[in-house]
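User: I have a model open and would like to talk through how it is put together. Can we go piece by piece?
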Amino acid sequence: MNEPREALLRVEALGRDYEEGRVQALRDIGFRAEAGQCIALTGPSGCGKSTLLSLLGLLDRPSRGRILLAGEDLAQVRDAAAFRARRVGFVFQFHHMLPTMTLQENVEAPMIALGLGRRERRERAAAMLEQVDLAARAHFLPAQVSGGERQRAAVARALVNAPTLLLADEPTGNLDSRNGQRVVDLLVAQARERGALVLVATHNPEIAAALDRRIALRDGALLPD
Ligand SMILES: Nc1ncnc2c1ncn2[C@@H]1O[C@H](COP(=O)(O)OP(=O)(O)OP(=O)(O)O)[C@@H](O)[C@H]1O
Ligand SMILES: [Mg+2]
């Protein structure tokens, strides 16, 4: 008999409280996900989407439960920054590009944490910018390009270290629908090509409908499929 394929991500009985337990931002969250899947995280404002992404990306620690990524229990990770550099790419609603650095330099930055040499950083960043159709803008500052271009550069930066997990928190929230769709298409295509697992928190039903799977939250709990 074949063994069932081990899930890349396992989330078990996960909870996160704030205000000494008076706010339960997440309650008893459990799900599994495979490499290469693109999942929409949906639900009304305050339902816990950003909280869940923060826990998955080790920007925050849970109050209860556990997260296993490729068999590794995130509670055992001592150096969260090193883990994030190696394993996780983030795209946020606002691009968070460093304003005094060009797009090229912004995309190179995450590779410093991996200890890659200057030449390799430069080559990989240039290739990544090419793939998001920004080769001609590589040496512009973030303020010198459009909102959609900045967000595509943010996608390039999130992917350049070949993360296992790509977490996007309303990546299109600040864009018109055409540019928003383009950013999501890029994110999905690039992540699929690399076999990354993608979670996208979104209020946009069209974007959610276009992904492989939806996980819906209400008041910190999972809605049944
Ligand atoms: N640092 C904090 N301290 C106290 N409560 C918090 C904190 N961060 C989040 N919360 C609460 O946890 C709940 C979930 O918040 P979260 O930001 O995860 O929601 P969300 O689904 O991302 O909402 P939105 O769609 O508006 O971004 C909310 O009730 C929020 O007020
Ligand atoms: Mg949020």
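This is a predicted model: local features need pLDDT of at least 70, side-chain atom pairs count only at pLDDT 80 or more; totals for chains, interfaces and linings use all residues.

User: Where does L116 lie? And is L116 buried or exposed, or in between?
Analyst: L116 lies in the loop between helix 3 (103-113) and helix 4 (118-131). With 17 other C-beta atoms within 10 Å, L116 is partly exposed, the cut-off for a buried residue being 20 or more.

User: How far is L116 from R87?
Analyst: The C-alpha atoms of L116 and R87 are 15 Å apart in space, and the two residues are 29 apart in sequence.

User: OK, switching to the ligand. Which residues are around ligand 1?
Analyst: The shell around ligand 1 consists of Y18, E19, V23, A25, G43, S45, G46, C47, G48, K49, S50 and T51. By class, these residues divide into 4 nonpolar, 6 polar and 2 charged.

User: Which element gives the largest share of that shell?
Analyst: Helix 1 does, with 3 residues; strand 2 (23-33) and helix 1 (49-56) are the elements that each supply at least two residues of the shell.

User: Staying with helix 1, why call it largely enclosed?
Analyst: Helix 1 is largely enclosed by the rest of the structure because 7 of its 8 residues are buried, namely K49, S50, T51, L52, L53, L55 and L56. After the helix comes L58, which has a positive phi, near 55°.

User: How many bridges join strand 1 to strand 4?
Analyst: Strand 1 (residues 9-18) and strand 4 (residues 64-69) run antiparallel and are joined by 5 bridges, and within that pairing G15 stands opposite R64 in strand 4.

User: And the other sheet, what's the order there?
Analyst: That one is an open sheet of 6 strands in the order 6-7-8-3-9-10, and its pairing is mixed. Its edge strands, strand 6 (88-91) and strand 10 (221-222), each pair on one side only. Helix 6 (residues 177-194) packs on the sheet and touches strand 3 (38-42), strand 6, strand 7 and strand 8, with its direction at about 160° to that of strand 8.

User: What are the partners of strand 8 in there?
Analyst: On the one hand, strand 7 (residues 165-169) pairs with strand 8 (residues 197-201) in the parallel sense over 5 bridges, with L166 opposite V198 and L199 as the bridge partner of L167. On the other hand, strand 3 and strand 8 run parallel and are joined by 4 bridges; here C38 stands opposite V198 and A40 opposite V200.

User: Which residues of strand 8 cover each face?
Analyst: L197, L199 and A201 are on one side, V198 and V200 are on the other, and all of them are buried. Since 5 of the 5 residues of strand 8 are buried, it is largely enclosed by the rest of the structure.

User: Which way do the residues of strand 3 point?
Analyst: C38, A40 and T42 point one way from strand 3, whereas I39 and L41 point the other way, and all are buried. With 5 of its 5 residues buried, strand 3 is therefore largely enclosed by the rest of the structure. Strand 3 also pairs in the parallel sense with strand 9 (residues 213-218) over 4 bridges, where L41 stands opposite I215.

User: Last topic, the core. Which residues touch the most other members?
Analyst: In the largest nonpolar core, which has 58 residues, these are A156, L166, L187 and V198. Helix 5 (residues 147-159) gives this core its largest share, 6 residues.

User: What is L166 in contact with, beyond its neighbours in sequence?
Analyst: Setting aside neighbours within four places in sequence, L166 is in contact with G89, A158, L159, L187, A191, A196 and V198.

Methods
Residues are numbered from 1 along each chain as its sequence is written. Chains are lettered from A and ligands numbered from 1 in the order in which they are written. A residue is near a molecule or strand if its C-beta atom, placed from the backbone, lies within 6 Å of it. Ala, Val, Leu, Ile, Met, Phe, Trp, Tyr, Cys and Pro count as nonpolar, Asp, Glu, Lys and Arg as charged, and the others, Gly among them, as polar. A nonpolar core is a set of buried Ala, Val, Leu, Ile, Met, Phe, Trp, Tyr and Cys residues joined through C-beta atoms within 7 Å. A residue is buried if 20 or more other C-beta atoms lie within 10 Å of its own, exposed if 12 or fewer, and partly exposed in between; C-beta atoms are placed from the backbone. Two residues are in contact if their C-beta atoms, placed from the backbone, lie within 7 Å. Two strands pair if DSSP finds at least two bridges between them. Axes are lines fitted to C-alpha atoms, for helices over the stretch in contact, and angles run from 0 to 180 degrees between N-to-C directions.
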